[in-house]
Amino acid sequence: MYDLVRGPLVWVAFTVFIVGTVYQVVRFYSLSRKNPQFRLIKPTGGPPKKEDPPAEPVLTFGQRLRLSIAGTNPVMTTVTTVFHVLLVLTPFFVLGHNVLWDLAWGISPPSFSEAFTDVLTIIVIAGGVYFLCRRLFMARVRAISSTYDFVILAIATAPFITGFLAYRNIFDYDTVILLHMLAGEIMLVAIPFTKLVHMPFFFINRFLLVHENTFGAGGSRIWR
Amino acid sequence: MSSPKNDNTVNTEAIREVLDTHRAKMKTALRVCAHCSLCAESCFLFHVHDGDPRYMPSHKFINSIGRLYKKKGRIDQEALEEISEIVWRRCVLCTRCYCPLGIDIPEMIALARNICRSQDVYFTWDQLEQEA
């Protein structure tokens with residue numbers, strides 16, 4: 001079982017993750033088309049002149065910030081940003097992971113110290129607990145939650161919970177590390193085909209599609 | 001919700017046709033929605049109704065187009081009336097709602113309205129006068 005999870009299943013998981021994500025991106029391109037006609041035009045020019053008052057009230061940066069999601073939900077915005085950034089970045093800098101790269105292929109990517117990784121892991125788990133509490137106790141989140149949402153949260157946080165347990169030798173190490181590898185593989189496989197697909201689609205929706213809330217240059221594609 | 005249609009026949013095929021033409025976009029929107037509720041404050045009706053979750057943009061789109069999609073259009077008249085209640089009475093399509101994941105919620109609501117209209121289920125001002 002250990003050899004299966006450590007060997008072929010890792011390849012299967014990475015293959016499904018990469019091929020699945022590429023499939024989703026290619027599918028998006030096939031279902032959308034380039035249309036410069038609908039390109040979002042952002043207002044340009046300097047501040048309005050006094051003798052030429054703007055038709056609409058001009059908001060200061062502070063006012064705009066207060067009206068944004070960061071202003072209306074500052075705690076959630078902070079937690080979700082930190083959680084998602086660390087969820088993606090931490091696994092690349094875990095010493096234990098990078099030792100495996102070294103043993104297998106002789107490459108040594110940079111690693112954080114184990115103590116620092118431990119702190120990052122705890123932050124991710126704390127973020128997961130925060131999301132769980134929101135889902136359980138906030139009426140507005142509970143109103144749109146189903147079992148599926150809890151399963152997705154479990155899939156996303158399980159690799160970190162088992163990693164935390166394995167590092168501290170809580171419970172039987174062999175079993176926990178096996179579960180850790182399995183949890184990571186399940187998460188990779190789940191990303192392209194479950195709600196976790198919001199990982200690639202966040203970038204597609206916010207940078208490629210033309211709509212009012214597109215970041216950057218205003219997007220370049222619309223749905224067919 | 002008022003509707004000129006009183007019989008209990010819903011043309012599932014007609015609904016499915018509309019759903020099929022927008023399947024990819026709808027499926028993506030429903031799958032990408034992380035059920036985070038961060039869109040809530042962007043809806044003025046959510047504020048007006050003292051934070052009633054039923055007025056959250058995500059709640060409205062999940063329970064209208066999401067419901068139609070999950071049921072593959074196999075829906076009865078009563079359910080269609082409930083959906084029309086959501087897409088006309090709980091949403092004015094002001095298009096001010098904001099999704100951090102970039103889902104075009106107004107478009108989904110508009111699509112649900114189209115489906116309701118295709119079955120002769122829609123909001124009428126007479127109904128509002130009667131309620132008043």
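## Basis of the model

The model is predicted: local features need pLDDT of at least 70, side-chain atom pairs count only at pLDDT 80 or more, and totals for chains, interfaces and linings use all residues. Residues are numbered from 1 along each chain as its sequence is written, while chains are lettered from A and ligands numbered from 1 in the order in which they are written.

## Overall build of chain B

Chain B has 8 helices and 0 strands, in the order α-α-α-α-α-α-α-α along the sequence. Helices (H or I, at least four residues) and strands (E, at least two) are DSSP runs, numbered from the N terminus. The radius of gyration of chain B is 14 Å, close to the 14 Å that the globule rule gives for 132 residues, so chain B is as compact as a globular protein of that length. The radius is taken over C-alpha atoms, and the rule is 2.2 Å times the number of residues to the power 0.38.

Along the principal axes, the C-alpha atoms of chain B fill a box of roughly 40 × 40 × 20 Å. Of the 132 residues in chain B, 42% are buried. A residue is buried if 20 or more other C-beta atoms lie within 10 Å of its own, exposed if 12 or fewer, and partly exposed in between, with C-beta atoms placed from the backbone. Among contacts in chain B with a separation of 6 or more, 75% join residues 24 or more positions apart. Two residues are in contact if their C-beta atoms, placed from the backbone, lie within 7 Å.

## Helix packing around α7(B)

Helix α1 (residues 12–21) of chain B packs against helix α7 (residues 105–118) of chain B at an angle of about 155°, with the axes 10 Å apart. Axes are lines fitted to C-alpha atoms, for helices over the stretch in contact, and angles run from 0 to 180 degrees between N-to-C directions. The angle makes α1(B) roughly antiparallel to α7(B). Angles under 35 degrees count as roughly parallel, over 145 as roughly antiparallel, 65 to 115 as roughly perpendicular and the rest as oblique. The contact is formed by B:Ala14, B:Ile15 and B:Val18 of α1(B) with B:Asn114, B:Ile115 and B:Ser118 of α7(B).

The axes of helix α6 (residues 77–89) of chain B and α7(B) come within 10 Å and cross at roughly 140°, and the two helices are therefore oblique to each other. On α6(B) the contact uses B:Leu80, B:Ile83, B:Ser84 and B:Val87, and on α7(B) it uses B:Ile109, B:Ala112, B:Arg113 and B:Cys116.

## Contact between the chains

Chain B and chain A each give 23 residues to the contact. On the side of chain B, the elements that give two or more residues are α2 (23–32) and α4 (57–63). The most come from α2(B), with 5 residues.

## Features of chain A

Helix α6 (residues 95–105) of chain A is hardly covered, with 0 buried residues among its 11. Just after α6(A), A:Gly106 takes a positive phi of about 70°.

A:Met199 lies in helix α11 (residues 198–208) of chain A. A:Met199 is partly exposed, with 17 other C-beta atoms within 10 Å. A:Met199 and A:Phe83 are 116 residues apart in sequence and 13 Å apart in space, C-alpha to C-alpha.
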